[in-house]
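Hi everyone, thanks for coming. Let's take a few minutes to walk through the surface and the pockets of this one together.

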Amino acid sequence: MMKHTKNHTTMLLRGLQYLPIGIGLLLAVEMMRIWPDLPYYYGADAVIDAAIAAHWRTGVGWSLSEVLFHFPQLSVQLIALLYITLCLLLCWPPTVRASAFVLLFIHQAFFLSETSWSYGVDYLAQTGLFISVLFYPGSDKTAAHHRWSLMGIRLLQCQLVVVYFFGGLGKLFGESWWNGTGIWKAIHQPFSGELLSAPTFMGSWPYLWMVAGLLTVLIELLHPIAWLGKRYRHFILYTTIALHMGIGLFIGLYHFAALMIWYNLCAWYYPYKHTTTTYKRTPLEDNPKRVTSTT
């Protein structure tokens with residue numbers, strides 16, 4: 001019974017242990033993908049002059065463009081190499097917290113302060129790094145630390161529920177997602193790098209796009225029911241993964257799709273593969289001294 005209780009608690013934290021690994025690998029791949037274009041984004045040869053870009057800044061924190069403007073001897077590729085190294089260190093448990101903490105600032109400088117080159121996925125990656133800094137389980141096996149780390153799982157779930165629910169709620173207003181034009185326009189963005197494309201003649205099938213648009217809204221609005229039990233979690237997990245696979249394949253937002261699939265796996269699959277979302281205190285947590293007696 002005691003062994004089962006300890007394994008039960010460890011399983012609940014598994015998603016939080018895997019979270020920084022996926023974030024690190026995905027961010028490293030994305031940085032390597034844009035590596036050849038970095039001088040056009042930042043530095044003396046950037047498309048947008050740093051003095052002009054400074055007037056567009058809306059976020060807080062330091063800006064990479066301004067740093068390179070004042071210190072031209074620095075290389076943007078060198079900073080990007082540090083970024084990639086820290087991303088890879090997220091895969092090594094002893095360095096997860098420190099690497100995620102430093103990445104919070106470098107990621108903010110690369111993407112969040114430069115609104116010309118950022119979009120929603122950059123903010124979502126930042127929250128994942130924040131959760132990894134505060135709640136990564138590490139090697140601490142005490143019951144008090146387990147309870148603290150479980151709060152990280154709850155925070156990740158809350159983030160997903162809020163993002164999806166209000167994303168779906170926003171789509172309810174207006175007509176574009178009711179008549180299918182919203183999803184039709186989404187998969188026909190200019191300069192997209194999609195793997196699959198919908199032929200233009202499919203635009204004459206309005207009911208297909210109406211159904212696709214309404215299903216998208218429904219999946220997002222129903223995301224909170226993942227808290228109700230295992231059956232609902234499976235439904236939300238699999239439909240959300242299918243939604244993001246469609247986003248990646250038909251719209252070309254591979255980085256966004258992969259990160260959101262990973263977040264959903266960590267939030268709804270790994271920690272709760274065999275358990276319900278209603279977490280009950282166990283004898284192990286009621287008496288932290290018993291932790292050492294079971295190891």
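Before we start, one term: a residue is called buried under 20% relative accessible area, exposed over 50%, and partly exposed in between. Please also keep in mind that this is a predicted model.

So where does Leu-155 fall on that scale? Leu-155 has 35% relative accessibility, so it counts as partly exposed. You'll find Leu-155 in helix α9, and it belongs to a nonpolar patch on the surface together with Phe-130, Leu-134, Trp-148 and Met-151. Together these residues have about 450 Å² of accessible area. Two helices, α8 (120-135) and α9 (143-172), each supply at least two residues of the patch, and the largest share, 3 residues, comes from α9.

The largest pocket has a volume of about 880 Å³. Its lining counts 34 residues, with Ala-186, Leu-243, Gly-246, Ile-247 and Ile-251 nearest the centre. Helix α9 turns up here too, among the elements giving two or more residues to this lining, alongside α11, α12, α13 and α14. Which helix gives the most? That's α13, with 8 residues. By class, the lining has 23 nonpolar, 9 polar and 2 charged residues.

On to the second largest pocket, with about 530 Å³ of space. Here 19 residues form the lining, and Glu-30, Arg-33, Ile-34, Tyr-119 and His-255 are the closest to the centre. Helices α2, α8 and α14 each supply at least two lining residues, with α2 giving the most, 5 residues. This lining divides into 12 nonpolar, 3 polar and 4 charged residues.

That's my tour; happy to chat!

Note on methods: Residues numbered from 1 in each chain as written. Predicted model: local features only at pLDDT ≥ 70, side-chain atom pairs only at ≥ 80, totals over all residues. Heavy atoms only, no water. Patch = residues over 30% accessible without salt bridge, like charges linked within 9 Å, V, L, I, M, F, W, Y side chains within 5 Å. Areas by Shrake-Rupley, 256 points an atom, 1.4 Å probe, with all protein chains shown as cover. Salt bridge = Lys/Arg side-chain N within 4 Å of Asp/Glu carboxyl O. Helix = DSSP H or I, 4+ residues; strand = E, 2+ residues; numbered from the N terminus. Buried < 20%, exposed > 50% of the residue type's maximum accessible area, 1.4 Å probe, protein only. 1 Å grid on protein atoms, 1.4 Å probe; cavity = no way out; pocket = protein on both sides within 12 Å on 5 of 7 lines; lining within 4 Å. Points joined across faces, edges and corners; volume = space filled by probe spheres on them. Nonpolar A, V, L, I, M, F, W, Y, C, P; charged D, E, K, R; others polar.
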